Amino acid sequence: MKRLKVFLGSIIGIIIILNFGIIQIQKKQNKTTQNTVTIYNWGDYIDPDLVKKFEKETGYQVEYETFDSNEAMYTKLKQGGTHYDVVIPSDYMIQKLKESGLLQKIDLTQIPNVKYIDSRFMNLSFDEHNQYSIPYFWGTLGIVYNDKQYTKNDVDSWKKLWEPWFKDKIMMIDGARELMGIGLTYNGNSINSKDPHQLQQAYHQLLKLMPNIKAIVSDEIKNYLITEEAQIAVTYSGEAHDMVSQNKHLHYVLPKEGTNLWFDNMVISKNAQNINGAYAFINFMCEPQNAAQNARYIGYSTPNQAAKQLLGKTITNNQAFYPSEAQLDKMEVYQNLDAKMLQKYNDLFLELKMKH
Amino acid sequence: MKLKAHLVQIYLIGLFIFLYLPIGYLIYYAFNQADTMNRFTGFSFRHFTELFNDTRMLVILMNTFMLAFLAALIATIIGLGGVMAIRYTKRKIHRKALLTLNNILMVSPDVIIGSSFLILFTVLGTYFSKLQLGFWTVLLSHIAFSIPIVVLMILPKLQELPISMIQAAYDLGAAPHQVMTKVILPFLTPSIIAAYFMAFTYSLDDFAVTFFVTGGGFTTLSVEIYSRARQGISLEINALSTLVFIFALLLVVGYYFISHQNQPVKEKE
């Protein structure tokens, strides 16, 4: 009995010590809702120094949480019980969040630094007049290749992916919209097409592409390319930037037919508790100095005109990551499709995957 | 005969290498200077310092352990009650039925338990708005799935206790609570401690159930590692795994000393 008592006592002791420790750590971080701005962002998508700088400049405490897909983030917001102030979703998801009534209108007068944002990236189809969102980063979908094996001419068009010498070589990003988009672009249609006939055409075109595809994956692409286990991949410019900076033989190319143009924008959630803090954060991130620092850290393309000038020519002259106006004109932003249409895309994508 | 003994030895050595190699590999790279597991470029404690500066990770680590200690404690207490109830149920068929129900929970996959808890908690959440996914829901479900294992570990020991001992205690004038604290509990102590540690490890390494019922900023280690691994595992995770492994080692050694504290003397006699 004595042993049992000692055992029980020590366990209760450990629990109390642990609990005390947790409370101490949390107290040290000094969290009070009055003073906290809660940011909900993609993993590793901000320079941590900027968060510290923001805290120091404004006196707000930042609570930072991360998500790994737009859909996971949507579920979290929809479920309620959360009070994120600033969230950073992608374009089509902003449209969906807006339609679900999960966002607050943004008062642009509260964000004076919005004047630095390139007007090209304002007032876009998914959020007209920027009633709900402010651009954070943008990018494209393109092709990464290794110059030991291929030249730029081999991959400068989506059509070239169908060439027989790519047999069983291409790493494809795992996304219904992305893959179907390639098929639709091949036939000269919009990547937001709702025409069943066009989709069917794209599907048949893509069937012929399947023998060339080595694998349909998402996060693994990066390592495969860097370690040169694969030489060509279709992926997003953000991911591509990471690869290019880690292996100098890799290059990112935008196919000449045009491609998907994506945006990650800052929004204020419906359940935000600290509206002033949210405005302060968005304004802070739009400050050219900070936007430039963030772009240098993340490597994605910044929509901030003034920050772009601060970045210097070596970065912004790279047409793969800062394409010319003419190239940008050919690109399209994903629009949110209704559930039925989305199902159609997914079904075709699944069928392609099964025939792979 | 000698050859056979050698073969057994080789077999055992091979087996343990096979079991420990992946962990050893992981620990080895925890001390890597570079950021990936591709090549070992040099020895450094970099990832450990990184880990200790990551307060979020430390809070999660402490939360995970506190949860495991607490869930195992409550599960052991409840399970102990369950054992008594099953043992002293009068009719054999009822006893069998109860035990079978207990075993079904042991066998059913975590995913099913997790999703059923999620449904339960969300339904309850519509009636009691206070109940939101987070620490308490995770604690409740961990207690729930640990109870069957506690029952299963203590029951055989209780069945070993001759009923005549209890009767003798009563005959000598012991009150029911005295029988409990002076006869039954001391007899069960080793199995209670074993059951506690079993429940503890169950809770510590559970992923599936926790994944379903967690929320509101509360995460445990396994869920956090999972969501980090999607972006490519950072060696910080290796460093953390190393520490947890060492802790587990200490725990096993500690368990050995606790459970053998008094016994060796007796056994030698």
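Analyst: Buried means under 20% relative accessible area, exposed over 50%, and partly exposed in between (1.4 Å probe, protein chains only). A:Asn271 is partly exposed, because its relative accessible area is 32%. A:Asn271 sits in the loop between strand E9 (261–268) and helix H9 (275–286) of chain A; helices (H or I, at least four residues) and strands (E, at least two) are DSSP runs, numbered from the N terminus.

This is a predicted model: local features need pLDDT of at least 70, side-chain atom pairs count only at pLDDT 80 or more, and totals for chains, interfaces and linings use all residues. Residues are numbered from 1 along each chain as its sequence is written, and side-chain values use heavy atoms, without hydrogens and water.

Now the contact. Chain B gives 27 residues and chain A gives 23 residues, where contact means heavy atoms within 4.5 Å. The two chains bury about 2,600 Å² between them, 69% of it on carbon and sulfur atoms. Buried area is the accessible area (1.4 Å probe) that two parts lose on being put together, summed over both. Helix H3 (55–87), helix H8 (176–204) and helix H11 (235–260) of chain B each supply at least two residues of the side of chain B that touches chain A. H3(B) has the largest share of that side, nine residues. Between chain B and chain A, the salt bridge count is zero; a salt bridge is a side-chain nitrogen of Lys or Arg within 4 Å of a carboxyl oxygen of Asp or Glu.

Elsewhere, B:Ile23 lies in helix H1 (residues 2–30) of chain B. B:Ile23 is partly exposed, because its relative accessible area is 31%.

How values were computed:
Chains lettered and ligands numbered in written order.
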